[in-house]
Amino acid sequence: MKQRIMSGMRPTGKLHLGHYLGVIDNWVKLQDDYECFYQVADWHALTTKYDKTQTLRQDVIDVVSDWLACGIDPEKSTVYVQSLVPETAELHIYLSMITPQNWVERDPTLKDMAKILKSKEGMGTQVNYGLMGYPVLMTADILLFNADFVPVGIDQVAHVELSRDIARRFNNVYNTEFFKEPQPKLNNCSLICGLDGNKMGKSFNNDIKISDTEEDTAKKVMTAITDRSRIRRDDPGHPDDCEVVYKYWKIFGTNEEVETVCSECKAGTRGCADCKRQLGAKINKRMHEIRQRRKYYEDNPEVVEKIIREGSEKARLEAQKNIAKIRKLVKMY
């Protein structure tokens with residue numbers, strides 16, 4: 001039998017190239033060699049946006065549409081919505097009872113999120129209970145399907161380590177070997193910054209979305225930061241100091257194209273505007289088929305709804321089998 005992968009993503013609306021290159025492209029490759037469970041984590045979305053749920057349902061549809069367009073295959077992978085598998089919440093309760101408070105408080109991402117929330121107007125020093133418990137809920141997501149691996153970036157390894165600790169503690173408390181200790185599976189993917197050189201994100205208005213039109217993409221690329229030291233078109237450039245455009249070329253161009261861009265930039269024979277126009281065309285070529293599929297799902301939301309419903313039913317059947325065993329281990333009535 002194939003080993004099992006579990007991973008998820010919060011529904012934050014239409015996804016961008018950072019999601020595609022950093023996460024989804026890797027998921028697509030994994031689904032041929034592993035049994036994959038890919039979750040839209042709508043409960044996790046409530047930890048920081050509990051008062052902004054007006055678009056939550058559409059955000060779920062948009063996320064799944066982007067996944068499908070990029071190559072996530074519901075025939076190979078189980079695509080489901082977290083809240084449609086309520087067994088997750090039951091396991092979360094059991095795990096929360098055995099997890100020491102200081103284990104949760106030491107989570108580095110939780111600390112960062114708490115700082116961000118506290119700095120926002122109106123939040124004061126309050127952090128909601130749901131946010132404090134999200135590392136345990138995340139562990140429930142993973143352990144409910146007894147995943148062997150969780151694909152993550154290097155900055156997320158601590159999440160998986162906590163899940164391993166909680167799995168081990170559950171096994172010790174209830175004298176069992178039921179839960180596997182999930183292993184982090186580091187992504188070997190391209191990382192891409194935003195058009196302004198910072199982290200790519202919807203809220204920063206510096207992203208290129210998977211669903212953007214070719215025209216929108218070309219316009220956005222023209223706003224990207226180039227070599228700040230270059231004033232005139234024929235000034236010698238410094239590709240390695242080009243915070244965005246040259247990095248994008250390394251991702252979307254061939255080795256030969258990257259060498260050409262580098263040499264022409266250094267020689268002052270390549271203007272930044274021309275370079276960005278060519279780059280926009282390269283990105284559009286790479287994303288063309290994905291965007292065609294994305295348009296299909298956008299025009300046929302009932303197809304996406306059906307995939308979500310069937311995937312969630314499949315995930316829940318597996319979850320019900322496991323939660324029945326877990327209830328017996330905990331000696332629930």
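Analyst: Let me begin with a cut-off: a residue is called buried under 20% relative accessible area, exposed over 50%, and partly exposed in between. Please keep in mind throughout that this is a predicted model.

User: What makes K331 count as buried or exposed?

Analyst: The relative accessibility of K331 is 67%, and because exposed means over 50%, K331 counts as exposed. This residue is found in the segment after α14, which spans 301-330.

User: Why is a positive phi worth a remark?

Analyst: Most residues other than glycine have a negative phi. N146 is another case, with a positive phi of about 50° although it is not a glycine.

User: Where is N146 placed, and how do you know whether it is buried or exposed?

Analyst: N146 sits in the loop between α8 and β4. Its relative accessible area is 12%, and because buried means under 20%, N146 is buried.

User: What can you say about I142, and why is it called buried?

Analyst: I142 lies in helix α8, and its relative accessible area of 3% is under the 20% limit, so I142 is buried. I142 and S7 are 135 residues apart in sequence, and their C-alpha atoms are 7.5 Å apart in space.

User: Why is strand β3 described as largely enclosed?

Analyst: Five of the five residues of β3, residues 77-81, are buried, and therefore the strand is largely enclosed by the rest of the structure. Both faces are covered, with S77, V79 and V81 buried on one side and T78 and Y80 buried on the other.

User: How do you know that β2 and β3 are paired, and which way do they run?

Analyst: Pairing requires at least two bridges between the strands, and five bridges join β2, residues 35-40, to β3, so the two count as paired, and they run parallel.

User: What makes β4 and β5 a pair?

Analyst: Four bridges join β4, residues 149-152, to β5, residues 183-186; because at least two are required, these strands pair, and they run parallel. The chain crosses from β4 through helix α9, residues 157-173, to β5, and this β-α-β crossover is right-handed. Within the pair, F149 stands opposite Q183, and P151 stands opposite K185. F149 and P151 point one way from β4 while V150 and V152 point the other way, and all of these are buried.

User: Why are C36 and C275 called buried?

Analyst: The relative accessibility of C36 is 1%, which is under 20%, and so C36 counts as buried. C275 has a value of 8%, also under 20%, and therefore counts as buried.

User: What makes a space a cavity, and how many does the structure hold at 30 Å³ or more?

Analyst: A space is called a cavity when a 1.4 Å probe fits there but cannot get out. The structure holds one cavity of 30 Å³ or more, and about 130 Å³ of space lies in the largest cavity. Of the 16 residues that line this cavity, the closest to its centre are C242, V245, C265, C272 and C275. The elements that give two or more residues to the lining are α11 (245-252), α12 (255-267) and α13 (272-299). By residue type, the lining divides into nine nonpolar, three polar and four charged residues.

User: What is the volume of the second largest pocket, and which residues line it?

Analyst: The second largest pocket has a volume of about 430 Å³. It is lined by 18 residues, and the closest to its centre are H92, S96, Y129, M132 and G133. The largest share of that lining, four residues, comes from α4. The lining of this pocket divides into 10 nonpolar, seven polar and one charged.

Notes
Residues numbered from 1 in each chain as written. Predicted model: local features only at pLDDT ≥ 70, side-chain atom pairs only at ≥ 80, totals over all residues. Heavy atoms only, no water. Buried < 20%, exposed > 50% of the residue type's maximum accessible area, 1.4 Å probe, protein only. 1 Å grid on protein atoms, 1.4 Å probe; cavity = no way out; pocket = protein on both sides within 12 Å on 5 of 7 lines; lining within 4 Å. Points joined across faces, edges and corners; volume = space filled by probe spheres on them. Nonpolar A, V, L, I, M, F, W, Y, C, P; charged D, E, K, R; others polar. Right-handed = clockwise from strand over helix to strand, strands pointing away.
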